[in-house]
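Q: Please take one part of this model and look at it closely. I would like its setting as well, in short sentences.

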Protein chains: 2
Amino acid sequence: MSISIQRESGEYLYHQVVSMVLEMQRSGSLRAGDKLPSLRGLSTKLDVSVPTVRQAYIELERQGVISARPKSGYFLKAKILEVAAPKKARPPCKPKLVERQSLIEDVFDAIHAPGFIPFGVANPSAAYSSDKALARAMRRVLSRAGAKAVECGPIDGFFPLKRQLALRYIDCGMQVDPEEVMITNGGQEAIAIALQCVAKAGDVIAVESPTYFGVLELIESLGMMALEIPLCSERGLSMKDLQSALDKHCVSACVFSSSISNPLGSSMSDQRREALVGLLEARNIPLIEDDVYGDLYFGKQRGRPAKAFSRKGLVLTCSSFSKTAAPGYRIGWLLPGKYQARANLMKRALSCSSPLLNQWALSEFMASGEYERNLRMLRSVLQKNKQKAIASISQWFPDGTRISDPKGGGVLWVELPRSNDGTELFHKALGHNISITPGALFSPSDKFKHCIRLSYGIDWSGKIEDGIKTLGSLVVP
Amino acid sequence: MSISIQRESGEYLYHQVVSMVLEMQRSGSLRAGDKLPSLRGLSTKLDVSVPTVRQAYIELERQGVISARPKSGYFLKAKILEVAAPKKARPPCKPKLVERQSLIEDVFDAIHAPGFIPFGVANPSAAYSSDKALARAMRRVLSRAGAKAVECGPIDGFFPLKRQLALRYIDCGMQVDPEEVMITNGGQEAIAIALQCVAKAGDVIAVESPTYFGVLELIESLGMMALEIPLCSERGLSMKDLQSALDKHCVSACVFSSSISNPLGSSMSDQRREALVGLLEARNIPLIEDDVYGDLYFGKQRGRPAKAFSRKGLVLTCSSFSKTAAPGYRIGWLLPGKYQARANLMKRALSCSSPLLNQWALSEFMASGEYERNLRMLRSVLQKNKQKAIASISQWFPDGTRISDPKGGGVLWVELPRSNDGTELFHKALGHNISITPGALFSPSDKFKHCIRLSYGIDWSGKIEDGIKTLGSLVVP
């Protein structure tokens, strides 16, 4: 800290300390996640009283610039993104749909291009890979399975895996019968089945805005319509907006990620989630809970799944191992609530059953305790990566850039200065062997065109930092 | 052969030889697949001329009782089933659907009940398991894959596997670009995607009658309607019936298994299949070709897939490894013809991608040549099992039972005397730890209630023979 206090300026001393910290944040010499000097340390250095520094820090905390961590001191926070409440919108007409489809295909192609910096891939488990532990589990299974290794498992899943999943839910304060769990081909199939349990072509489905494009594509491919409910990056879903949307429209079902959303990384409190379930069940509207990021929380403990608050069985919880351990195993699950019979029919009709060997290896992986250990490490690495990514973006992206402060998961939502187009940036970045996800994908309307989603679920390195610097240089100030 | 010729009876000598063979067939002393005595041998034994025996054999061949194999002699054929042309029918109303659903669930439960004789499971690869070779391939992949072992593959599949599949099609006289192949979660997902490429809720889909219940369930779960086209166990689809059905109804698509059908095991000649494709493409009606049994032919060579005759890209070919190698791997594929863009969208929306490790191991398995070797052995074992099963059923089931003579695959279609109900027999058999598949499942109407499907895709043993004997004792004469 090199700036000194101007005693003769007439400005309050604590105000000067505040301005000083803000200037250091702007210049990048203090970056998100950095620890601020202690009260005593700064008071000595600047030759001001400890109460003056404390008053400055309290003001900075009030402004949301820094935050206190018990017994650790004060830390610079990321610039919090407040997404302006977007307007509700109907899904795009046919030509628009096609346009976005080819963009989604471009994004997926870039994911698999070798040598690319994969900011466009939401595979957070890559930040702390389970590959070795899972390969060991798979080898153990192969050596025991014999002819069973190629046999077909039950439609609704391999029982030992269902049991392990039910056991884990106890820690979330939820009593789940293993027979209630249906194993699916990843979380995407879980949502596809859930949607087809509760809605049909032509129905209106409420979604978060912005929301994961896979959900939008599914809704459209089933001939349903998406109704966007604004999401706040800090508190999650706006209940007031939801209520008024439900009053105005005939909504057949909701698909929400109230634990950790994608792309915003917002999270509702348990209390608000309980109110959400109460509101929907009072109106007999099914809630499809996309909980794939639920276990990647950064807080002290996992939020309780929406299903824990369900009284009528109208909550269908979808999750998977794709974000926490093994995207390529394509194993997810669905707790279908009161729609179990229909879910069984849909699973049989759509894909018969899920790969047995993969389920078996994952159940071994869970039973051995390795899954839980890996998850703990993964959460810790992701949280560190998040800070690094935010710091790096703050440094290299132009002023006017706003970054979300995710409560979990592996992605950041970045609002670029309005003159930018996320899709153009996506194409420019490809030229530098960098993949990103354009904001246009996360809504059927055009309101997030100046946004991008960046993944920090990556094995972090200097190359990644360089990638952010390059990306920042492509953004128009 | 103990019966002698009655020279004084006045009946033609060759007629007497014919009656004798038929009586031996009835009593079970001659069983399906048994070789008949040579012309010279029988002529000596019965003291009649060689031309008399030859005339008798020609008459028996004309009646379809025996067949000549070049350079091998004459063999007793199975009693051929001619399924009476069933009426076209609309799908059942809701209550009927539910009834069949729970029956399908019972059938699947019985499949996984330990210790059961699995006549109800159509897993023909169990007759010659690939488990060891595939486990070796999987271990090789695990030792090389590293972090890639848990990563997500491309939406449309792992390229080396797509290339292997394209290579195999060359042997069927078909030029396929690897990029045309889409990998799916088993054949069922391939059909689910194909159907959603070409039809929507409310559309009419033509199916074979009888047909695989998984296709019927899929059609109904998507809100479509099934139109049954009669199938003949010898020649396959009745083209005349198909034509008149197309004249009467607005058919959006067809789902046919013209290579090897399930449950009949019928097969169309390449010539008739070409005519079928011509007929449908002339009317711009897409043909979904369910070819999962196509590689399990018993003839000299594989029939050419319908797709080989397509000129307009309206044929969507579905197949999988589930019948030939590894049902539990859940890997199938789709050649979507001109519907590739829509198929990609549906795959992404329904399940994102298929398990990478499983695709990788299968591509190794194919590249090493082991898949082809295993297939050759499997076909040979299945053909022997078929003869054993037919012989055993002929012996232990009451008169009036008719058995199909499958041209490939792993199942027999058995018409019981009319007083029997296949579903009742299914429940009775469960009490004896035997699973079968009731005929009622293979049609939305009630016309196959007195039929059952029995699998011979089993590791054959004395226990299996005993199972057929037990089953026969439960059938009402």
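A: **Setting: the domains of chain A**

Taken over C-alpha atoms, the centres of domain 1 of chain A and domain 3 of chain A are separated by 43 Å. This is a predicted model. The domain assignment gives chain A three domains: domain 1 (7-76), domain 2 (94-127 + 374-474) and domain 3 (145-372).

Which residues of H15(A) are buried? They are Ile464(A), Gly467(A), Ile468(A) and Leu471(A). These residues cover an arc of only 95° around the axis, which puts them on the same side of H15(A). The other side of H15(A) holds exposed residues: Gly462(A), Lys463(A) and Ser473(A).

What covers the buried residues? The cover includes two helices of chain A, H13 (370-396) and H14 (422-430). It also includes two strands of chain A, S3 (117-118) and S14 (434-435).

In chain B, the loop between helix H14 (422-430) and strand S14 (434-435) holds Asn433(B). Phi of Asn433(B) is near 55°, a positive value in a residue other than glycine. Most residues other than glycine have a negative phi. Asn433(B) counts as partly exposed because 14 other C-beta atoms lie within 10 Å.

**After the helix**

Back in chain A, Pro477(A) is placed in the segment after H15. Pro477(A) has 12 C-beta neighbours inside 10 Å, so it counts as exposed. Residues up to four places away in sequence aside, Pro477(A) touches Pro398(A), Asp399(A) and Pro417(A). Thr184(A) gives a sense of scale. From C-alpha to C-alpha, Pro477(A) and Thr184(A) are 45 Å apart in space, and in sequence they are 293 residues apart.

Now step out to the pair of chains. A rotation of 180°, with 0.1 Å of shift along its axis, superposes chain A on chain B at an RMSD of 0.2 Å. The two copies are therefore related as by a two-fold rotation axis. The same surface serves both: 98% of the contact residues of chain A recur in chain B.

How many residues does each chain bring to the contact? Chain A gives 50 residues, and chain B gives 50 residues. On the side of chain A that touches chain B, these elements give two or more residues: helix H4 (94-112), helix H5 (131-145), helix H7 (186-198), helix H8 (213-221), helix H11 (340-351) and helix H12 (356-367). The residues of that side divide into 26 nonpolar, 16 polar and 8 charged.

**One point across the contact**

Ala349(B) lies in helix H11 of chain B, residues 340-351. Ala349(B) is buried, with 24 other C-beta atoms within 10 Å. With neighbours within four places in sequence left aside, Ala349(B) is in contact with Ala192(A), Glu217(A), Leu218(A) and Ser221(A).

Further along chain B, Cys352(B) is placed in the loop between H11 and helix H12 (356-367). Phi of Cys352(B) is near 70°, a positive value in a residue other than glycine. Cys352(B) is buried, with 24 other C-beta atoms within 10 Å.

On the chain A side, look at H8. Of its 9 residues, 8 are buried, so H8(A) is largely enclosed by the rest of the structure. The buried residues are Phe213(A), Gly214(A), Val215(A), Leu216(A), Glu217(A), Leu218(A), Ile219(A) and Glu220(A). Glu217(A) and Leu218(A) are among the contacts of Ala349(B) as well.

The loop between strand S5 (204-209) and H8 of chain A contains Pro210(A). The peptide bond from Ser209(A) to Pro210(A) is cis, and its omega is near 5°. Most peptide bonds are trans. After H8(A) comes Gly223(A), with a positive phi near 75°.

Another cis peptide bond joins Asn262(A) and Pro263(A), with omega about 20°. Pro263(A) is found in the chain A loop between strand S8 (251-256) and helix H10 (270-282).

Methods:
Residues numbered from 1 in each chain as written. Chains lettered and ligands numbered in written order. Predicted model: local features only at pLDDT ≥ 70, side-chain atom pairs only at ≥ 80, totals over all residues. Domains from an automatic or database assignment. Buried ≥ 20, exposed ≤ 12 C-beta atoms within 10 Å, placed from the backbone. Helix = DSSP H or I, 4+ residues; strand = E, 2+ residues; numbered from the N terminus. Arc of directions from axis to C-beta. Contact = placed C-beta atoms within 7 Å. Nonpolar A, V, L, I, M, F, W, Y, C, P; charged D, E, K, R; others polar. Least-squares fit on C-alpha atoms with pLDDT ≥ 70 in both.
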